[in-house]
Amino acid sequence: MRTYLALSAAAAVLAAAGATAYATTSGSTTDSRPLAGMRILISNDDSMQAAKASNSDGLGLYELRRAMCAAGADVVVMAPWQVQSGKGTAVTNGGVLTAQRRTALPAGYEDDCAQAPSGGAVYGVCLADGPCTKNSPSATPADTVKLALRAGLEAKAGWTGAPDLVLTGINSGPNVSAQVNDSGTVGAALAAIDQDVPAIAFSSSGDETNTSFPRVNYRANAEFGARFVAGLRNRGLFTSAFALKVDYPDVSAGQRAGAPVWTRVGDGQVVWHAYDRTGEDSFEIGLGFCEETPGDPCTETARNADSTALLRDGRIAVAPITADRTYGVPVGARRELKAIERYVEHEAPRP
């Protein structure tokens with residue numbers, strides 16, 4: 001059965017403390033800077049504003065930046081100027097993009113990357129021939145990654161050559177099942193592997209109301225993410241043959257996230273669109289949730305689905321994703337795929 005929600009309550013869903021030490025391998029001794037020497041680009045689809053009380057407009061990005069810098073990485077952020085949830089892999093085909101540095105960062109995040117060579121610089125990218133203003137239209141998530149990799153990082157940060165890794169997120173709300181196709185967080189990660197740069201897309205669940213996104217969820221995801229990335233690095237598992245998608249469950253009520261599990265993108269419709277006619281030529285967009293009732297067409301049926309692991313079992317769901325939409329093509333990079341699956345299932349850090 002599908003449950004309909006008012007747009008104002010559901011839009012956030014689709015929008016689809018202190019230093020931490022990180023273990024580089026399961027059971028290894030603690031290394032406080034396992035990502036030292038790495039250059040990481042961070043983008044998202046929620047913008048770099050982080051101004052809404054719901055935490056749905058980019059707060060997760062600052063938690064991800066914080067954790068990566070704490071682990072020793074050199075980080076630069078290039079993200080959409082405005083919220084761009086649901087943009088998928090969309091790109092802008094004309095006009096001028098401006099990458100404007102944010103000088104006043106959200107409270108509490110000002111000094112997170114003070115020791116990094118690039119200072120953790122944060123840029124918002126708008127579609128404007130001149131300074132970005134409050135109402136400037138935004139670049140898409142894929143725009144920001146393509147701009148950064150092809151010109152922006154060299155011009156703004158002095159980086160020559162590609163970064164070692166692109167991270168996208170942390171998205172406000174999970175990106176699972178059919179909605180993965182709409183996700184700008186995933187679309188930005190796909191833009192990175194299209195440029196032969198390894199990428200990981202991070203998303204966090206909201207609270208039990210599904211309209212607010214607590215900082216504690218972002219922080220738990222980010223700190224897990226830094227250890228997860230360190231483990232991949234330690235094992236030489238970075239690849240641009242496919243991207244990884246990491247969805248983190250809600251832990252805001254004190255529950256503990258379940259261990260990471262290797263999943264596939266499901267075929268259900270956790271979040272769906274409805275179009276209600278409001279006039280002769282007009283239709284209001286509404287959003288809703290599938291209630292996962294057996295037999296209902298929007299219920300998840302895929303085995304090992306990401307949505308089942310995340311939403312039913314409360315586990316960290318990890319899935320490989322690729323932009324190749326050709327049906328029936330043999331899977332490439334089998335060795336890398338199996339090695340990362342083994343890492344996720346048996347060696348990745350536990351929450």
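Reader: How far apart are the sulfur atoms of C69 and C113?
Author: They sit 2.0 Å apart, and the two cysteines form a disulfide. Bear in mind that this is a predicted model.

Reader: OK, and which parts does that pair tie together?
Author: C69 is in helix α2 (residues 59–70), while C113 is in the loop between β6 (97–101) and β7 (122–127), so the bond ties together parts that are 44 residues apart in sequence.

Reader: Is the link of C69 and C113 right-handed or left-handed?
Author: Right-handed, with 95° about the S-S bond.

Reader: And are C69 and C113 buried or exposed?
Author: Both C69 and C113 are buried.

Reader: What's the handedness of the C126 and C132 disulfide?
Author: That disulfide is left-handed, because the torsion about its S-S bond is about -90°. The link of C290 and C298, with 90° about the S-S bond, is right-handed.

Reader: Why does C132 count as buried?
Author: Its relative accessible area is 7%, and buried means under 20%. C126 is buried too, at 0%. In the other pair, C290 counts as buried at 10% relative accessibility, and C298 does at 0%.

Reader: Switching to pockets. How much space lies in the largest pocket?
Author: About 910 Å³. Its lining has 27 residues, and P320, I321, T322, A323 and D324 lie nearest the centre.

Reader: Which elements give two or more residues to that lining?
Author: Those are α4 (184–194) and β14 (315–321). Helix α4 gives the most, with three residues.

Reader: What's the lining of the largest pocket like by class?
Author: There are 15 nonpolar, nine polar and three charged residues.

Reader: And the second largest pocket, how much space lies in that one?
Author: About 350 Å³. The second largest pocket is lined by 20 residues, with S205, G206, N210, D250 and L311 nearest its centre. The elements that give two or more residues to this lining are β13 (283–290) and α6 (306–312).

Reader: How many charged residues are in the lining of the second largest pocket?
Author: Four, along with 10 nonpolar and six polar residues.

Conventions: Residues are numbered from 1 along each chain as its sequence is written. This is a predicted model: local features need pLDDT of at least 70, side-chain atom pairs count only at pLDDT 80 or more; totals for chains, interfaces and linings use all residues. Side-chain values use heavy atoms; hydrogens and water are left out. On a 1 Å grid over the protein atoms alone, a cavity is a set of points where a 1.4 Å probe fits but cannot get out, and a pocket is an open set with protein on both sides within 12 Å along at least five of seven lines; lining residues have an atom within 4 Å of a point. Grid points are joined across faces, edges and corners, and a volume is the space filled by probe spheres set on the points. Helices (H or I, at least four residues) and strands (E, at least two) are DSSP runs, numbered from the N terminus. Ala, Val, Leu, Ile, Met, Phe, Trp, Tyr, Cys and Pro count as nonpolar, Asp, Glu, Lys and Arg as charged, and the others, Gly among them, as polar. A disulfide is a pair of cysteine sulfur atoms within 2.5 Å. Buried means under 20% relative accessible area, exposed over 50%, partly exposed in between (1.4 Å probe, protein chains only).
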